[in-house]
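Please walk through this model with me, one region at a time. We begin with a single residue, then turn to a sheet and to charged pairs.

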Amino acid sequence: LGAALRRARAMDATVWTKVGRLVRRRGEGEVEESNVAGRSIFAETPRDVVPVLDYSAEGALRSLEDSASRLGCEIFGARVHDPDGRDDAFAANGAFAGLRQAGLAEISIGTNDAATAFRALGLVDTVMLANAWTLLDQDGAALLAACAERRIPVHLAGVYASGYLAGGDSYKYSTDVPPHVAAKRRRWADFARDEGFDDLKLIALAFAFLPRAVHLVALGLRSPADVDDTLCLLRSLARVGLPAWRRLFQRAAAREGLLAPGVLDL
């Protein structure tokens, strides 16, 4: 990745990284067992090292140094990754304080949990929220409203609900999909077809851009084909236009069980 970024300097790429873990050998700290080789969602996870949890200021600075060394390029911003239930990350000598010391252009939090993001609102420049504002789940609605009021930009991730809205079998990182979620996906697919759209991803992507607080949407792309497909979706998104998308989601809100009340006011 670092080599590719260095070759693409002319593209003026903005590089973010995240802290909260260090790549170390076993025995060097608290191992995040759910992300070791064989359990991680990433098939290419190396087997000779493990992710070690470290939400201290010192750990955040070491993580930044490690990332900069591996990538060989300037880092614009960093997010404290999944500090759910980690009081040490929010302490005076915690990861957020460490990132402030680093002098980055922006610091942020990355989490699936809206309540954890609320804790960080006085500590960050932006918020990355995953899997909490999708066609299937709007648990992040109150957070988005708070960020809009405080003018804190939100970067949305997981807008396809970990791939489930893109035709995959995984919902929020699990293949154990609740029956009511599967039924809701079918209802959204029916609605999309009724509106003349064959690809549910386009509806999901349009929904991600609706709230005023959302400044960026982050998508996980694994191949050049994924990039090409996403560029086509974005062009289609722009052709339809935001006013037309708002009218479409107003029609969706009129259908029972598709959208929570009030979400279109954000």
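Thr126 counts as buried, because its relative accessibility is 2% (buried means under 20% relative accessible area, exposed over 50%, partly exposed in between, with a 1.4 Å probe and protein chains only). The model is predicted: local features need pLDDT of at least 70, side-chain atom pairs count only at pLDDT 80 or more, and totals for chains, interfaces and linings use all residues. Residues are numbered from 1 along each chain as its sequence is written, and side-chain values use heavy atoms, with hydrogens and water left out.

Thr126 sits in strand 7, residues 126-130. Helices (H or I, at least four residues) and strands (E, at least two) are DSSP runs, numbered from the N terminus. What is Thr126 in contact with, leaving aside its neighbours within four places in sequence? The partners include Trp16, Arg79 and Glu106. Ile107, Ser108 and Ile109 are also among them, as are Ile152, Pro153 and His155. Contact means heavy atoms within 4.5 Å.

Three strands form an open sheet in the order 2-4-3, with antiparallel pairing. Strand 2 (21-24) and strand 3 (30-31) are the edge strands, each pairing on one side only. Two strands pair if DSSP finds at least two bridges between them. Strand 3 and strand 4 (residues 50-53) run antiparallel and are joined by two bridges. Glu30 has Leu53 in strand 4 as its bridge partner.

Together with Arg86 and Asp88, Glu30 belongs to a network of salt bridges. A salt bridge is a side-chain nitrogen of Lys or Arg within 4 Å of a carboxyl oxygen of Asp or Glu. The structure holds 14 of them.

Take Asp54 and Arg62. Their side chains meet in a salt bridge at 3.1 Å, N to O. Asp54 is buried, at 16% relative accessible area. Arg62 is partly exposed, at 27%.

Glu195 and Arg251 form another salt bridge, with the closest N and O atoms 2.8 Å apart. This pair links distant parts of the chain, 56 residues apart: Glu195 is in the loop between helix 7 (179-194) and helix 8 (200-208), and Arg251 is in helix 10 (residues 242-253). Glu195 is partly exposed at 25%. Arg251 is partly exposed at 40%.

Lys201 forms a salt bridge with Asp229, the closest N and O atoms being 3.5 Å apart. Lys201 lies in helix 8 and Asp229 in helix 9 (residues 224-240), so this pair ties together parts 28 residues apart in sequence. Lys201 is buried at 14%, whereas Asp229 is partly exposed at 31%.
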